[in-house]
Amino acid sequence: KLHSDLDKGVGTVKYTLSGDGAGTVFTIDETTGDIHAIRSLDREEKPFYTLRAQAVDVDTKKPLEPESEFIIKVQDINDNEPKFLDGPYVASVPEMSPVGAYVLQVKATDADDPTYGNSARVVYSILQGQPYFSIDPKTGVIRTALPNMDREVKEQYQVLIQAKDMGGQLGGLAGTTTVNVTLTDVNDNPPRFPKSIFHLKVPESSHVGSAIGRIRAVDPDFGKNAEIEYNIVPGDGGNLFDITTDENTQEGVIKLKKPLDFETKKAYTFKVEASNLHLDHRFHSVGPFKDTATVKINVLDMDEPPVFSKPMYTMEVYEDTPVGTIIGAVTAQDLDAGSSSVRYFIDWKNDVDSYFTIDATEGTIATNELLDRESTAQYNFSIIASKVSNPLLTSKVNVIINILDVNEFPPEISVPYETSVCENAKPGQVIQTITAADKDLSPAGQRFSFKLSPEASNKPNFTVHDYRNNTAGIEARRNGYSRRQQELYFLPVVIEDSSYPVQSSTNTMTIHVCRCDSDGTILSCNVEAIFLPVGLSTGALIAILLCIVILLVIVVLYVALRRQKKKDTLMTSKEDIRDNVIHYDDEGGGEEDTQAFDIGALRNPKVIEDNKIRRDIKPETLRFPRQRPPVEDNTDIRDFIHQRLQENDVDPTAPPYDSLATYAYEGNGSVAESLSSIDSLTTEADQDYDYLSDWGPRFKILADMFGEEESYNPDKVT
């Protein structure tokens, strides 16, 4: 209620209201100032309202007092029950858990004012689920209330939880939720066989590895705690059988490890043990988590096919054995009670099987054609045996026949070798290692020997070194080889085997002479490569050839020009009346060199200057033979020289050398005297050839010849 001191109760004052909820939630009587709520209030929706009130004059509409603000607070009442916002709940706890094991915590929410009274004070309790579980009234934690709850007895529990406000007092509001609790499995139960003895009947014809029966142990646990492992306890017949676990059904599958034979043994008894794979140490005190049962197996008699005495037969026969020769036999028997005869025949699959025949009654195998080991070294075929009483019952065995070799082929070099030798090879250097191969099947210990053929043993080029391990080395015997002299060498090598009879062959090896570096690496094996620069490209070779051609052209042009110049010089010299030739290109002093040669010797051979030394040659000590008095008149020689002089004068191609005068006249007027035996008065006996021995080994034969002639001289008096 609002009231102004200026309000005298005569209706001159009017009250107004504004702010939160004015006109919608709250209204005011303009005359009396009473404030009324026009609808229900909810504290949870809006806990308070702020309003403003004012008194105004009815006539003037002017405020009589300043505007005043006030707050209307909504007082809470217990009108909201507790609610489980996350419910319903799902929880699990291991079976056999102790009392007080934690399961789950629940929580309820009350929208009332927790600061006013007990409207929001919640207390938890269990309405359904006792005596298995309990709950803390304040925290809402659920725990187990009974020990050793067994999943195999009851697995699912539904617990009803209540939350009540007002501290649980009478008149408080309440909310509920459900908690579904599942007991999880633990391995607290051992496997158990439902019966102690299992009987199985198995035909003796059962195949090895096939399943012949199943047994099962029961484990009430779940999942991996129910996994069972089966084992056969060692004992009677246990080595003939095996047992495995079917992962889907947890059954024990008994399988056959070895063939059964009714005639040998008709029954087997053994024990099987079933145990858990995953044990829980908390329950070891309960007892052993395994169980044992007895399995009895009765073998059923069946009509069986014949049985061969061996699983496989291996035979040997020499090649070229005559047709019809027996090389071996196979044997099969009927092991059933009423023994039946057996018949044999070859399982024809291809033409190879026709090389042999078999006796249908005795089982002996003989050759049907001539055999060649080099064509086929081994034959593999099958023999079938059938019962006469029941031909449909058959058995099969493999027969391997090895063809033994007869030494009929000589050994040969295994592969064609590309053999080469370096020009700088040393004696004893191995240039190639060779091996041999024999088309015959070499028996154990077969050895090959290597040697040179007799015609090559005396040649000093190469030799063969037998290493005595079926290999040999080709060794050089010379100190170096030359491709210019011989590019290829042919080396005949004889190879012998050690079988009987001994076979041998001569194999010719081709050896190339190659150019190598200092490390023995082959650089080139072609003869043409001798004349070619190493490592040059094709363009470089072409450039070198072009340079050579250009040089040859220059030389030819130079020679042609020289000849043309000589002709011009000769033509000029014919008009010159002087004795000496002035125009020439030869090196020398020319006409001015008057000390090189005495021109007067051409006019008068008798004129000889004593102690005249030439300056165009190096002076050296000469051994002159004994001189004889000069001949005063050599008319024939003078005419001969004069004739030759005339021929040379008219010859345009004759060289204009001054030195021609030194030998143009060979007579008694020469300073060096005559080198010819013509008109010589001295004899061979007057010559001294001892100086030939001082000229070295190259003149030894010449010194011996003249020495012998000197020693054997009938005219010489000793």
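The structure is a predicted model.

Four strands form an open sheet in the order 13-19-18-15, and their pairing is mixed. At its edges lie strand 13 (197-203) and strand 15 (228-233), each of which pairs on one side only. On average, neighbouring strands of this sheet are turned by 30° against each other, with direction ignored. Strand 13 runs parallel to strand 19 (residues 290-300), and seven bridges join the two. Within this pairing, Ile197 has Thr294 in strand 19 as its bridge partner.

The aromatic residues come next. A pair of aromatic rings is described by the distance of the centres and the angle of the planes. The structure holds 16 aromatic pairs. Tyr132 is partly exposed, at 29% relative accessible area, whereas Tyr157 counts as buried because its relative accessibility is 8%, under the limit of 20%. For Tyr481 and Tyr489, the centres are 5.8 Å apart and the planes stand at 75°, so this pair is edge-to-face. Both Tyr481 and Tyr489 are buried. Elsewhere, Tyr355, Phe356, Tyr379 and Phe381 make up one aromatic cluster.

Trp695, Phe699, Ile701, Leu702 and Met705 make a nonpolar surface patch of about 510 Å². Of these residues, Met705 lies in helix 6 (residues 700-711) and is partly exposed, with a relative accessible area of 44%.

Conventions
Residues are numbered from 1 along each chain as its sequence is written. This is a predicted model: local features need pLDDT of at least 70, side-chain atom pairs count only at pLDDT 80 or more; totals for chains, interfaces and linings use all residues. Side-chain values use heavy atoms; hydrogens and water are left out. Patches are made of residues with over 30% relative accessible area and no salt bridge: like charges are joined within 9 Å, nonpolar side chains (Val, Leu, Ile, Met, Phe, Trp, Tyr) within 5 Å. Accessible areas come from the Shrake-Rupley method with a 1.4 Å probe; for residues, only the protein chains shown count as cover. A salt bridge is a side-chain nitrogen of Lys or Arg within 4 Å of a carboxyl oxygen of Asp or Glu. Buried means under 20% relative accessible area, exposed over 50%, partly exposed in between (1.4 Å probe, protein chains only). Two strands pair if DSSP finds at least two bridges between them. Axes are lines fitted to C-alpha atoms, for helices over the stretch in contact, and angles run from 0 to 180 degrees between N-to-C directions. Rings of Phe, Tyr and Trp (its six-membered ring) pair if their centres lie within 6.5 Å; planes under 30 degrees apart count as stacked, over 60 as edge-to-face and the rest as tilted.
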